[in-house]
Every structure is written in structure tokens, then in C-alpha cells.
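Reader: Please put up the sequence and the model. I will then ask about the packing, one point at a time.

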Amino acid sequence: MWWRDWGFRTAVLLALAVLMLVLWVFLRDMGMPASLSTAALSAWLEGLGAWAPVLLVGMMILAVVVGPIPTLPISATSGLAFGLVGGTAVAATGALIGAMIAFWAARLLGRDVACRYLKDNPLFGGEKSQNLLFWIVLVTRLVPLFSFALVSYAAGVTAISAWRFAAASLIGMLPMTVVFAGLGQSFRLHPVLSVLAAGIVLMAMMVLPYYLNRHHDARIACWLGRNA
């Protein structure tokens, strides 16, 4: 099929890279500060008028797709600039758009490879673990230790449906988005903790399906609706 062609995949990857580069250049041209502290971002947004929420959504998309850029200061700045409700809406919109871009990029580029080499793992090769995958995404969104970008890309190569991923992401990220939009202050996490947490999740994703396959009557299997 056409989406499995490596020429198409390369074109998608290049298009995504160009899109993110254009977005970065546009934001810098609009005066985005080099420092992503809440104070610097708030000062930048003052006087931008109707452009302010658009630029903040763009920053959030870039932060989610590119990865290393922290999202929490952006959420806090959004709360300062637009209030609790408006700030939460702006931050959540940007984060969800970015998550879906990362999700579909990973799905187009790596889904069939995961199916080929991990076909015996129901998280990657089957369609019967939708509930389990939904809860995995939801939990990782609830905890700010987990890389938003890494979870989005990882989910893209699993069997989770796009709408379940979007729903789990939105529901899971709302509590912390509200908190940081309300606090209006940045929260920094050591990168080693993020990598460690991500590694734990990936290990759990690999081991848990085999446990569930051997223990169909286990309480966790019933709770996750393993056979649903």
C-alpha cells in the first residue's frame, strides 16, 4: 500500500521536519524569547493581541512534536495570559494537536514495522488491548514525569485507535494543565527522571501483555477488560 512505501515515509518525515522548522522560524520572527521561563513568555505575549493564543498554541505544538522543549512553562504562561479557563483551553488545544501530529507520524512511519516484529505482543500486533492501551496513555498523561512527546510517538506504533488515544490524552492531561495554568508558574523536572519513567513504562508495556496472556483470570486482566 502507498503509505508503506519508504519514499512516502521519507517525504512525510521531511515534511514534518520542514513544518516544525517553519513554525520555529515564525515564532522567533514574532519575537519568541530564547528563555522559556514563565516571566519571559508572559512579557513576550503582552501587546500581541489576537496573535497571543495562536502563538502559544504554536509553541505547544512545537514542544510536543519536537520533544525536548518543556510544555509545563507554556501551560503556566497560558494561565497567566488568558486566565484559568481560557489558559487551560489554549494549552490543551496545542498539546492535543501536537500529540495527534506525533501519533500519526509514528503510525505512518513505524506501525507496520511494529506489527511485523512484535506481532505476538497484543499491544502492538493485535486489536484486543484497546482498553489496556487507553489506560496506559491516560495514566502517563496524568503524571508529568512522562515525556508527552515520547508517549505520543510510542502510542502511534501500538494498536490503539486514534480516537482512544485522543480521548485518553485529553482526559489525562486536563488535570495537570488546569493545575499549572492556575498556578501560573513553571515546574522543572530533571531530564534523567523523565527518561527513567519512560523506560519503566516501555518495560511494562512489553511485560504486561505476556502476564495477561498467562493469567486470564487475574484481577488486573478483568479490570482492564483484556478480552474485550
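Reader: Which residues in helix 7 meet Val-137, Thr-140 and Arg-141 in helix 6?
Author: This is a predicted model, where local features need pLDDT of at least 70 and side-chain atom pairs count only at pLDDT 80 or more, while totals for chains, interfaces and linings use all residues. Residues are numbered from 1 along each chain as its sequence is written, and side-chain values use heavy atoms, leaving out hydrogens and water. Helices (H or I, at least four residues) and strands (E, at least two) are DSSP runs numbered from the N terminus, and contact means heavy atoms within 4.5 Å. The three residues in helix 6 meet Phe-148, Val-151, Ser-152 and Ala-155.

Reader: How do the residues of that contact divide by type?
Author: Ala, Val, Leu, Ile, Met, Phe, Trp, Tyr, Cys and Pro count as nonpolar, Asp, Glu, Lys and Arg as charged, and the others, Gly among them, as polar. For helix 6 with helix 7 the division is 4 nonpolar, 2 polar and 1 charged.

Reader: What is the relative direction of helix 6 and helix 7?
Author: Axes are lines fitted to C-alpha atoms, for helices over the stretch in contact, with angles from 0 to 180 degrees between N-to-C directions. Those of helix 6 (residues 130–142) and helix 7 (residues 148–156) come within 10 Å and cross at roughly 170°. Angles under 35 degrees count as roughly parallel, over 145 as roughly antiparallel, 65 to 115 as roughly perpendicular and the rest as oblique. Helix 6 is therefore, relative to helix 7, roughly antiparallel.

Reader: What is the relation of helix 2 to helix 3?
Author: Their axes are 10 Å apart, and the packing angle is about 140°. This angle makes the relation oblique.

Reader: Which residues make the contact of helix 2 with helix 3?
Author: The residues of this contact divide into 7 nonpolar, no polar and no charged. Helix 2 brings Leu-41, Trp-44 and Leu-45, and helix 3 brings Ala-52, Leu-55, Leu-56 and Met-59.

Reader: How many residues of helix 3 are buried?
Author: Buried means under 20% relative accessible area, exposed over 50%, and partly exposed in between (1.4 Å probe, protein chains only). Among the buried residues of helix 3 are Gly-58, Met-60 and Ile-61. Helix 3 is mostly covered, and the count is 12 of its 16 residues.

Reader: Is Pro-33 buried or exposed?
Author: Pro-33 is found in the loop between helix 1 and helix 2. Arg-28, Ala-40, Leu-41 and Trp-44 are touched by Pro-33, not counting residues up to four places away in sequence. With a relative accessible area of 18%, Pro-33 is buried.
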